[in-house]
Amino acid sequence: MLRIFRNTLLDKRIIRKTFSFSAVAAKRFVIKDHYEFDQKVINSDNPVIVNFHAEWCDPCKILTPKMTELLEPSEEIDLAIVDVDDNAELVQTFEVKAVPAILAFRNGVVVDKFIGLVDANMIENLIGKLKKKKAA
């Protein structure tokens, strides 16, 4: 976001860059390959929730926006989106058998997972567990 302020005393324009809340909230990545997965998930300092989804999957179209919404206020947990049709190697590596599949990573290791469309409480519990363990 770019804002222009006018300084009436000096009759100058002052340009400031400001960030909206969503720009500094949780990072959201769309993973394109195994290398990017390693860089943004395995080597991340933050816990990362990885959402394996597909464009043709109706439950995925519900879960992905819900995950984004629930993680938006958090700066300490990242969200990575993996399209299963474009990332067969990652699907095989993590033995994803159905979509949507959610895997929670901390320090490069899977610490929790669930498969299928779940209610918001289950997602919030997962987020809470990741936050608690980070604080501990």
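Accessible areas come from the Shrake-Rupley method with a 1.4 Å probe. On this basis, the accessible surface of the protein, taken from a predicted model, comes to about 8600 Å², and carbon and sulfur atoms account for 53% of it. The protein has 136 residues, of which 38% are buried. Among its contacts with a separation of 6 or more, 65% are between residues 24 or more positions apart.

The protein contains 5 helices and 7 strands. Along the sequence these elements follow the pattern β-β-α-β-α-β-α-β-α-β-β-α. An open sheet of 5 strands is present, with mixed pairing and the order β3-β5-β4-β6-β7. Its edge strands, each pairing on one side only, are β3 (28–31) and β7 (109–115). On average, and with direction ignored, neighbouring strands of this sheet are turned by 20° against each other. Strands of a sheet pair through backbone hydrogen bonds, either parallel or antiparallel.

Helix α2 (residues 34–42) lies across β3, β4, β5 and β6, and runs at about 155° to β3.

Strand β6 pairs with β4 in the antiparallel sense over 5 bridges, and I49 stands opposite A104 in β6. The pairing of β6 with β7 is also antiparallel and spans 6 bridges. In this pairing, A101 has I115 in β7 as its bridge partner. The hairpin of β6 and β7 has 2 residues between the strands, and N107 in this hairpin takes a positive phi near 55°.

Strand β6 is largely enclosed by the rest of the structure, because 6 of its 6 residues are buried. In a regular strand the side chains alternate between the two faces of the sheet. Both faces of β6 are covered: the buried residues are A101, L103 and F105 on one side, and I102, A104 and R106 on the other.

Aromatic rings form 4 pairs in the model. The ring centres of F52 and F94 lie 6.3 Å apart with the planes at 50°, so this pair is tilted. The two residues come from distant parts of the chain, 42 residues apart: F52 belongs to strand β4 (residues 48–53), and F94 to the loop between α4 (88–93) and β6 (101–106). F52 has a relative accessible area of 0% and is therefore buried. F94 also pairs with F105, in an edge-to-face arrangement with 5.4 Å centre to centre and 90° between the planes. This pair again links distant parts of the chain, with F94 in the loop between α4 and β6 and F105 in strand β6, 11 residues apart. The relative accessibility of F105 is 1%, so this residue counts as buried. Ring pairs join F37, F52, F94 and F105 into a cluster.

The structure holds 1 disulfide, formed by C57 and C60 with their sulfur atoms 2.5 Å apart. A disulfide is a covalent bond between the sulfur atoms of two cysteines. The link of C57 and C60 is right-handed, with 80° about the S-S bond. Both C57 and C60 are buried.

Methods. Residues are numbered from 1 along each chain as its sequence is written. This is a predicted model: local features need pLDDT of at least 70, side-chain atom pairs count only at pLDDT 80 or more; totals for chains, interfaces and linings use all residues. Side-chain values use heavy atoms; hydrogens and water are left out. A disulfide is a pair of cysteine sulfur atoms within 2.5 Å. Buried means under 20% relative accessible area, exposed over 50%, partly exposed in between (1.4 Å probe, protein chains only). Rings of Phe, Tyr and Trp (its six-membered ring) pair if their centres lie within 6.5 Å; planes under 30 degrees apart count as stacked, over 60 as edge-to-face and the rest as tilted. Helices (H or I, at least four residues) and strands (E, at least two) are DSSP runs, numbered from the N terminus. Contact means heavy atoms within 4.5 Å. Two strands pair if DSSP finds at least two bridges between them. Axes are lines fitted to C-alpha atoms, for helices over the stretch in contact, and angles run from 0 to 180 degrees between N-to-C directions.
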